[in-house]
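Please keep the sequence and the structure in view while reading.

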Amino acid sequence: MKVRLLLIISIAFLLNTPATAEKVSKRQLDADNVVVTKHTTKIKGKKVPYTATTGTQPVWDKDGNPTASLFYTYYQRSDVKDNSTRPLLISFNGGPGSASVWMHVAYTGPKVLNVDDEGYPLQPYGVKTNPYSVLDVADIVFVNPVNTGFSRVLPNEEGKLPSRDKQKSMFFGVNADVKYLAEWIDTFVSRNDRWRSPKYLIGESYGTTRVSGLALELQNRQWMYLNGVILVSPTDIGIKREGPVEAANRLPYFAAAAWYHKALSPDLQRKDLLELLPEVEQFTINQYIPALAKGGFIDAQEKQAIAEKVAKYSGLSFEEVLNNNMDISTSFFWKALLRDKKQTIGRLDSRYLGIDKKASGSRPDYSAELTSWLHSFTPAINYYLREELNYKTDLKYAMFGDVHPWDRSNNRTGENLRQAMAQNPYLNVMVQSGYYDGATNYFDAKYTMWQLDPSGLMKERLSFKGYRSGHMMYLRYEDLKQSNQDVRDFIINSIPAKNKAAKYDLKP
């Protein structure tokens, strides 16, 4: 099989055509194939040659039968002779049910969307060179979980698909997802001779739940140890934020969004964002959470003072804060902040503006940012895979796949990440968040990082980076540059010195 696969790859190099006996010209997944093309790019002003491998690799059950196949794109720098010290970055997006498209053609890969400097779509749709890609320091594989991208469940020998309940137990849940993806990664690493390479996981949004769970699953079930995990716009990863904490933690994000739209009082508006946010964070921790914890029994004078401060920092009116019992939902905030201008703000990136049928109401009619992104991402990924990477198929590229209902029970992924870090002294974690993200807000991300290791003994291996944009911070050009550099530095700095043992030293 390996000899045959190498022959197929060689033919694909020469012909630059799909590496299958015949082109896939029907809406059926070729469960195990590769297409390889050669490219050159410039990263930080320096020439970087690389190969791009697009293909599918099966998922097997315990009896060795293929149950699904995952579509992936693998970028490998081609002027590296020894990959034993060359890092491998394994990238997942979220949803659950989202394809790998977002970080693939907008963040770390060699190509990014044709968008303006703030991330808004431009025509003609397509991609352009990413001058800040981390491909200069790490090879990257973008993975599409089952039912996303071109990845699909496979029929059995009789041509029948598993029942929906069976598919859910196999693929569509917090723990099922982690289990089959760990097996898939093991196969990928073995096929591509990457066992000695330093390995990193990067996940965005629900992808952070995924990679947090994978960190321990890879260690304890596949005996594969990582050097780093990068959490981009993280979920709660199973670390609960409820009651007063959940409500109060929104305020620093509210302040950031209101500041961006110049909706704050002049004294606050004059401050730089990074001067304002620590002030709001301290109020949130020291006053807002304790006040909300008192519920309906809070002293009237204290309630008045806290509500006035929440209104001042959020850009909302004092009456709106009181009418919500000082617990303001994000959907209300997106609708209310610019109600006087008859505009709404985006959920995933509150820089984006929308227009509703009515100015009244408690939530926007639609997500202004998502419709903008789908403008540019959908045509770009379809063009790029089919025409530049030459992967030919009549399958629809599923931007969002059918994976619901998703089993969210027994989500211990944050605890699993903590356990993986404790067991592996080499393992480091970095959190990246956009200040204008209202879906997975930056202060929740900080809170999750603070709670990840209650002992505080591993906090030197945890770091946070914030950006002046939203959920996909890399869409803004300045943040594309900075966030990639932060990933680059994280990778370089988390590779231990040669012959440095993975062990803890006795504390004084």
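How many cavities of 30 Å³ or more does the count come to? The model is a predicted one, and the count comes to 2 cavities of 30 Å³ or more.

**Largest cavity**
- The largest cavity has a volume of about 50 Å³, and among the 13 residues that line this cavity, Pro145, Val146, Arg210, Val403 and Trp406 are the closest to its centre.
- By residue class, the lining of the largest cavity divides into 7 nonpolar, 4 polar and 2 charged residues.

**Second largest cavity**
- The second largest cavity holds about 50 Å³ of space, and its lining is made up of Leu231, Pro234, Thr235, Ile237, Val429, Val431, Ala445, Thr448, Met449, Leu452 and Leu462.
- Strand E13 (428-434) and helix H15 (442-452) are the elements that give two or more residues to the lining of the second largest cavity, and H15 gives the most, with 4 residues.
- The lining of the second largest cavity comprises 9 nonpolar and 2 polar residues, with no charged residue.

**Lysine 481**
- Lysine 481 lies in helix H16, which spans residues 477-493, and lysine 481 counts as partly exposed because its relative accessibility is 41%, a value in between the limits of 20% for buried and 50% for exposed.
- Although lysine 481 and asparagine 130 are 351 residues apart in sequence, their C-alpha atoms are 9.3 Å apart in space.

Technical notes:
Residues are numbered from 1 along each chain as its sequence is written. This is a predicted model: local features need pLDDT of at least 70, side-chain atom pairs count only at pLDDT 80 or more; totals for chains, interfaces and linings use all residues. Side-chain values use heavy atoms; hydrogens and water are left out. Buried means under 20% relative accessible area, exposed over 50%, partly exposed in between (1.4 Å probe, protein chains only). On a 1 Å grid over the protein atoms alone, a cavity is a set of points where a 1.4 Å probe fits but cannot get out, and a pocket is an open set with protein on both sides within 12 Å along at least five of seven lines; lining residues have an atom within 4 Å of a point. Grid points are joined across faces, edges and corners, and a volume is the space filled by probe spheres set on the points. Ala, Val, Leu, Ile, Met, Phe, Trp, Tyr, Cys and Pro count as nonpolar, Asp, Glu, Lys and Arg as charged, and the others, Gly among them, as polar.
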